[in-house]
Amino acid sequence: MESRGVESKTLPHSPLLPGDWLVVLAGALLVGLSIPAFWRGGLGERAIIRQEGQVFADVDLRSRRELEVAGPLGVTRIAIEPGRARVVSDPGPRQYCVRQGWLTRAGEIAICAPNRVSLQIAGRTRLYDSLSY
């Protein structure tokens with residue numbers, strides 16, 4: 001028999017088999033789910049309110065309170081509820097600290113810079129970031 005120049009074509013072969021893709025997918029899922037567990041400071045236990053850099057109040061997050069902190073521009077109102085705290089209102093022009101919403105995790109902070117008031121959540125674990133150096 002004579003060969004008529006018909007070449008054997010092979011399909012491109014993937015180096016990963018279907019089981020390999022399953023392992024890669026499971027690993028990516030595991031990494032994605034573990035990031036929040038390892039990169040957060042845990043649940044907050046206290047709300048630390050500062051005025052002009054000095055501690056104005058250190059409040060247990062198991063309580064329910066509302067505080068008014070006087071600053072150079074006026075009064076900043078802070079709400080404390082079980083497990084969370086937030087800046088309710090601030091006389092600052094941009095309202096960045098109000099937009100932070102509820103803070104629940106240790107290390108979270110809302111800074112009302114123009115009024116020189118800040119709200120920080122503290123817990124058992126201490127977080128370090130680039131501001132700590």
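Reader: What is the accessibility class of Arg46, judged by its relative accessibility?

Author: In this predicted model, Arg46 has a relative accessibility of 32%. Buried residues fall under 20% and exposed ones over 50%, and a value of 32% lies in between, so Arg46 counts as partly exposed.

Reader: How far apart in sequence are the parts that the pair of Arg64 and Glu81 ties together?

Author: Arg64 and Glu81 form a salt bridge in which the closest N and O atoms are 3.8 Å apart. Because Arg64 lies in the loop between β2 and β3 (65-70) whereas Glu81 sits in strand β4 (residues 75-81), the pair ties together parts whose separation in sequence is 17 residues.

Reader: Which residue joins Arg64 and Glu81 in one network of salt bridges?

Author: Arg64 is exposed, with a relative accessible area of 60%, and Glu81 counts as partly exposed at 21%. Salt bridges that share partners join these two residues into one network with a further member, Arg84.

Reader: Which element gives the largest share of the largest nonpolar core?

Author: This core has 19 residues, and those that touch the most other members are Ala47, Ile49, Ile78, Ile80, Ala85, Val87 and Leu119. Two or more residues come from each of β1, β2, β3, β4, β5, α2, β6 and β7. The largest share, three residues, is given by β7.

Reader: Beyond its neighbours within four places in sequence, with which residues is Ala47 in contact?

Author: Ala47 is one of the core residues that touch the most other members, and in soluble globular proteins nonpolar side chains tend to be buried together. Leaving aside neighbours within four places, the contacts of Ala47 are Ala57, Asp58, Val59, Leu61, Ile80, Ala85, Leu119, Gln120 and Ile121.

Reader: Is Ser118 buried or exposed?

Author: Ser118 is found in strand β7, and, leaving aside neighbours within four places in sequence, Ser118 is in contact with Ile48, Ile49, Arg50, Ala110 and Ile111. The relative accessible area of Ser118 is 12%, and a residue under 20% is classed as buried, so Ser118 is buried.

Reader: What is the phi of Gln95 near?

Author: Gln95 lies in the loop between β5 (84-89) and α2 (96-99), and this residue is partly exposed, with a relative accessible area of 26%. Its phi is positive although the residue is other than glycine, and the value is near 60°.

Reader: What is the relative accessible area of Arg116?

Author: Arg116 is found in the loop between β6 (109-112) and β7 (117-122), and has a positive phi of about 60° although it is not a glycine. Arg116 is partly exposed, with a relative accessible area of 47%.

Key
Residues numbered from 1 in each chain as written. Predicted model: local features only at pLDDT ≥ 70, side-chain atom pairs only at ≥ 80, totals over all residues. Heavy atoms only, no water. Helix = DSSP H or I, 4+ residues; strand = E, 2+ residues; numbered from the N terminus. Buried < 20%, exposed > 50% of the residue type's maximum accessible area, 1.4 Å probe, protein only. Salt bridge = Lys/Arg side-chain N within 4 Å of Asp/Glu carboxyl O. Contact = heavy atoms within 4.5 Å. Core = buried A, V, L, I, M, F, W, Y, C linked by side-chain atoms within 4.5 Å.
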